[in-house]
Amino acid sequence: MNIQNNIPADDQQRLEYQIQLIAEGKKEALAFLYQQTKAAVHAFLLSYLSYYDAEDAMQDTYIGIYRSAKNYQPQGKPMAWIFGIAKYTAFMKIRSSQRETTLPEENWKLIEEELPAINFEEKDLLRNLLLRLSAEEYRIILLHAVSGLKFREISELFNLPLSTTLSKYRRAMKKLKQSWKEESNDEEP
């Protein structure tokens, strides 16, 4: 069966349809869902885990989706459900390792690879600036900037009011800008 032929046009409906097919045991629907959501789920897991732990958690997350699809109740928020499984998986990974870092070394290497146009000093400065953020600020910035999630989706993910998510994002960006200014002023002769 070609999964793509009968998929509704709306993204949320498309994901819900795929989850329904997964619940019916259609493994190709899981592959299609994976392709549609892997970047967002990976970025979300990276906000909690190191690169290698996030890679492991990706597999566990999609196994969890496959096993839990029959329990999914369509409410127009399939990504929130998927992120819920990913968050649970990340917390289980953290609990088993008894550690959580804000910016694991592997994550930083990936960020550096995405920024080939900036020099070593600027990369070092960016790293120091990101380390000044709280874990929650870091996650919001990462999910919005890297994963491309909308603020509404991030607020649902963390069970925060949209206004709180927006203010945390603005505060984090203000903190980064202020720190950048301070660092830039310190470097001037």
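## Largest pocket

In this predicted model, the largest pocket is lined by 19 residues, of which Asp11, Gln12, Leu15, Met79 and Glu153 lie nearest its centre; a pocket here is an open set of points on a 1 Å grid over the protein atoms alone, where a 1.4 Å probe fits, with protein on both sides within 12 Å along at least five of seven lines, and lining residues have an atom within 4 Å of a point. The lining divides into 6 nonpolar, 6 polar and 7 charged residues, where Asp, Glu, Lys and Arg count as charged, Ala, Val, Leu, Ile, Met, Phe, Trp, Tyr, Cys and Pro as nonpolar, and the others, Gly among them, as polar.

## Aromatic pairs

The structure holds 7 aromatic pairs, meaning rings of Phe, Tyr and Trp (its six-membered ring) whose centres lie within 6.5 Å, with planes under 30 degrees apart counted as stacked, over 60 as edge-to-face and the rest as tilted. Phenylalanine 44 and tyrosine 48 form an edge-to-face pair, because their ring centres are 5.2 Å apart and their planes stand at 65°. Tyrosine 48 also pairs edge-to-face with phenylalanine 91, with centres 5.3 Å apart and planes at 90°.

Phenylalanine 44 is buried at 0% relative accessible area, as is tyrosine 48 at 4%, whereas phenylalanine 91 is partly exposed at 34% (buried means under 20%, exposed over 50%, partly exposed in between, with a 1.4 Å probe and protein chains only).

## Basis of the values

Residues are numbered from 1 along each chain as its sequence is written, and side-chain values use heavy atoms, leaving out hydrogens and water. Local features need pLDDT of at least 70 and side-chain atom pairs count only at pLDDT 80 or more, while totals for chains, interfaces and linings use all residues.
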